[in-house]
Amino acid sequence: MAVTLTSSAADRVQKFLIQRASGVGLRLGVRTSGCSGLAYTLEFADEFNADDIKFESCGVTVLVDPKSLAYLDGTELDFVREGLNEGFKFNNPNIKNQCGCGESFNV
Amino acid sequence: MALLQIFEPGMSTAPHQHRLAVGIDLGTTNSLVASVRNGVSAVINDEQGRGLLPSVARYSVDGPVEVGYGAQAKQSEDPHNTIVSVKRFMGRGLSDLQKTIDTPYRFVDAPGMVQIKTAAGVKSPVEVSADVLKTLRVRAETALGGDLVGAVITVPAYFDDAQRQATKDAAKLAGINVLRLLNEPTAAAVAYGLDNASEGVYAVYDLGGGTFDISILRLTRGVFEVLATNGDSALGGDDFDQRIYCWILEQTKLSSLGAHDVRLLLTKAREAKEALTKHPETAITAVLSTGQIVDLILTSLSFAGMTENLVNKTLSPTRKAMRDAGLGIEDIKGVVMVGGSTRMPHVRRAVGEFFLQNPLTNLDPDKVVAIGASIQANILAGNRSADEMLLLDVIPLSLGIETMGGITEKIIPRNSTIPAARAQKFTTFKDGQTAMMIHVLQGERELVSDCRSLAKFELRGIPPMVAGAARILVTFQVDADGLLSVSAREQSTDVETRVEVKPSYGLSDVEITRMLQDSYLYAQEDMAARTLREQQTEGNRLLEATESAVAESGGALLTAKELADISLAMATLRETIAGDNHRAIKMAAESLNQVTSDFAARRMDMSVRQALSGHRLEEIAASL
C-alpha cells in the first residue's frame, strides 16, 4: 500500500510548508460528498493522529487515514500548470468514473 | 480535471464549493490582485507574467474598453479618451478637484461627482474604476479556476464616505462582492505583521501615485490596532512627475502645448523619475507634434532639489499623526514603506532621517497592500478560523451633526476604532418645536460650511414642549466598512427616524439606467463567449464519439463513399471548432449528425442482433 508524490508536487509542498513555518506534513484523504460520491481532501497536517499511515515521498511526509487509504492506494499526487491556473492533481488508479471536472469520483 | 489547492487542517471545501477570495489594491496608478493559495499569499500575474495592472482605461467609439498596459501605451496618442489616475476623481465634484495637475480630460460637472466625456460617451469615475476592477476579476477567476465569492478592496485611510461608497459601487458594477473595504496601511500591516510576526508600534508611510497616507499602528499578538492616520489625498508620485514636467518646460522655454504633447512629456517625466531610482542621472528626449525636440539630462541631485518641498509636504501630516497617537519618534519600532513612490532614494532618506532609522523595505512596496488584503479576504471567506486575526480600523474624519448657529457637534471623533456606535442627547431650541433637522457632517472644522455634508433628514412628531424639554437621542453607527447610519429618537414618545448615509454624489436615475444598460451590454458579450464554449465542447464530444464508432465498426458497416462523407463532415466540424462562430459549429455538428444517422441506426441494429443471437425467444421474454 502506498501513496506517492511526483517530484514537482513534493517541491511545491515543501516550499509551502517552509513558507507556512509550521506543520508536520501533508494530509491526503477521501470523504463522501460531491456529485459522483467521493471527494479528495488535501490539507496541511499540524499533528499526527494515532491511526495515521505515514509515507515518505521525495522528502515529504504524507499522512493518510486507514479508511481513505482504501480508496487512495497507488495514487500519485502531481503538481501541474494549466495556463494561468496551477494546482495539484490526483492520479488515482482505483477510480471507475468521475464527474466532469474530476473533483468528485467513485470507485 | 480541476486542480486542487492545499487547505488548512479541517478547512477543505466540498467539491465545487471553493471559497475563492482575493484582495484587490485599487491604486491611483497601478492596481493589483492577490490571493492566498496553498497557505501562501501571492499576487496574481497576467498572461505575460506582469503583476501590476496600470489603472488606465481607454474608451473608443465602437471597440471594447481597453484596460492596462495597452491603454497606457496610447496615453499620448489619445489623451482625451485614455483615463489615468481616475481614483483622484472618485466621489469628487468638479469644485473638489484641486488644480494640481493639467489633466487633458473634458470634465462634465454632474451633481456630486465629476464625469468625463469620452469617445464612448460620458463616463463616471465609478464606471472607469469598475472597468479596471473587472479586468482584475477576470484575471483572478482565470487563474483560480472558478468564480470569486468576494474580494477585500483597499482604500486610502483618508477616503471619506462618498469615496468609499463610490469604490463599493464600482466593485458592484464589476460583478465583485465586496467582503470588506480595508484601509491600505492596515492591509500593509497585515502583510508585514503575519509574514514577520514582529510586535510593536509601526508607522506605515504610503506614498502612492496620487495619495499620501501616514498611519501609526500597534501590532500585538496578531492584533492590529490603528492608533492614528493622517495624510494628503492629493499628493503622490504624479506630483513628482508634474515637477519634472514643469522643469522640462522651464528648460526648453516651451509653452501652450496640445493635450497630446502634455501627455507625452508627462510620460517622459515618469520614465525619468523611475530611471533615477537606479541611476544617478537620466536623459529625457522627446519629439513634440510641433517638431520641437526635447533633449535634457536630469540628475538625481537636481531631481531631489526640485521635489524637496513635496517630500516635506509628507512630513507634516506625519508629525500630526504622531501627535494624535500621543507618541514620540523613539516609540516607533519600525517604518513600513508602501507604494511605488517610496522607491525614490531621496524619499527613503527623508523618512529615515525623520524617524531616525532605516525604513523597512523587505516586501515589494507595490504588492504589500494587495497581499495584506488577500490575507484578510481569505479569512473573511471562511478559509481560516476568524478568531485568528482581529482587525481594528479607525474612522479617518470625525462625524457629527449641525447644531444651532451652523456649528458642528462631533459625535464620533476621528481615530475612533470601528465598528463603532455613539449616541448623544439633543433638545429643542424653540417652544412648541415639533420637528428637528438632522444634518450629518464629516470633518474636523468647527463650522458647518467647512465640513463635508453627508446627509440631511428630519425628525417629525416631537410633542410640543417648552424649549429644552424634549430629549432627542442621536445615534451614529459605523459598520466594519466605515459606512455610516444615523438614527434620531425622541425619548418620551419613541418617535424615530433613521437614515443610511447614502453617497453624497447621488447618482441620478438616468445615470443608473445607463450604467445598467452598459452591464447588459457586457452580459451579451459574456453570454456569446459562453455559448461558443458550449458549442465547442459539444462539437468535440461528437467528434470523439464518431471517431471511436468509426474505428470500432466503420469497416464493417460503411461504404467507402459514406466513410468519405463522414470524414469530410468531421473535418468541417474540426475547422469550425477552431474558429469563434458558435452558429457555424452548431451547423457543422448537425450535418455530421445527419451523415452519420444511417450509420448509427446500423450500429444499433447490429448490437441488437448480437444481443439476440443464440437466445431463444422465451429466454428474452423471461429476462424482460
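**View 1. Chain A in overview, a chain whose order along the sequence is β-α-β-β-β-β-α-β-β-β-β.** Chain A holds 2 helices and 9 strands, where helices (H or I, at least four residues) and strands (E, at least two) are DSSP runs, numbered from the N terminus. The model is a predicted one, in which local features need pLDDT of at least 70 and side-chain atom pairs count only at pLDDT 80 or more, whereas totals for chains, interfaces and linings use all residues. Residues are numbered from 1 along each chain as its sequence is written, while chains are lettered from A and ligands numbered from 1 in the order in which they are written. Of the 107 residues in chain A, 32% count as buried; a residue is buried if 20 or more other C-beta atoms lie within 10 Å of its own, exposed if 12 or fewer, and partly exposed in between, with C-beta atoms placed from the backbone. Among the contacts of chain A with a separation of 6 or more, 57% join residues 24 or more positions apart, two residues being in contact if their C-beta atoms, placed from the backbone, lie within 7 Å.

**View 2. The loop around A:N49, between β3 (38-45) and β4 (53-57) of chain A.** A:N49 counts as exposed because 10 other C-beta atoms lie within 10 Å. From A:N49 to A:V64, 15 residues apart along the chain, the C-alpha separation is 9.5 Å.

**View 3. Chain B in overview, with 15 helices and 28 strands.** Buried residues make up 43% of the 624 residues of chain B. For contacts in chain B with a separation of 6 or more, 69% are accounted for by residues 24 or more positions apart.

**View 4. Helix α5 of chain B, residues 237-252, and its surroundings.** This helix of 16 residues reaches 23 Å from its first C-alpha to its last, close to the 22 Å expected at 1.5 Å a residue, the expected span being 1.5 Å times one less than the number of residues. The buried residues of α5(B) are B:G237, B:D238, B:D239, B:F240, B:D241, B:I244, B:Y245 and B:I248. An α-helix has 3.6 residues a turn, so residues three or four places apart point the same way. The cover over the buried residues of α5(B) includes β13 (200-207), α6 (259-275), β16 (281-287), β17 (293-299) and α8 (308-325) of chain B.

**View 5. B:G237, a residue of helix α5 of chain B.** B:G237 counts as buried because it has 27 C-beta neighbours inside 10 Å. Once neighbours within four places in sequence are left aside, B:G237 is in contact with B:T29, B:L207, B:G208, B:G209, B:G340 and B:S341. B:G237 and B:T28 are 209 residues apart in sequence, yet their C-alpha atoms are 9.6 Å apart in space.

**View 6. The packing of α5(B) against α6(B), at an angle of about 115° and with axes 8 Å apart.** This angle makes α5(B) roughly perpendicular to α6(B); angles under 35 degrees count as roughly parallel, over 145 as roughly antiparallel, 65 to 115 as roughly perpendicular and the rest as oblique. Axes are lines fitted to C-alpha atoms, for helices over the stretch in contact, and angles run from 0 to 180 degrees between N-to-C directions. The crossing of α5(B) and α6(B) is right-handed, the near helix being turned clockwise from the far one by less than a right angle, and anticlockwise in a left-handed crossing. On α5(B) the contact involves B:F240, B:D241, B:I244, B:Y245 and B:I248, and on α6(B) it involves B:L265, B:L266, B:A269, B:R270, B:A272 and B:K273. By class, the contact of α5(B) with α6(B) has 8 nonpolar, no polar and 3 charged residues, where Ala, Val, Leu, Ile, Met, Phe, Trp, Tyr, Cys and Pro count as nonpolar, Asp, Glu, Lys and Arg as charged, and the others, Gly among them, as polar.

**View 7. B:K253, in the loop between α5 and α6 of chain B.** B:K253 follows α5(B), and its phi, near 60°, is a positive value in a residue other than glycine. B:K253 counts as exposed because it has 7 C-beta neighbours inside 10 Å.
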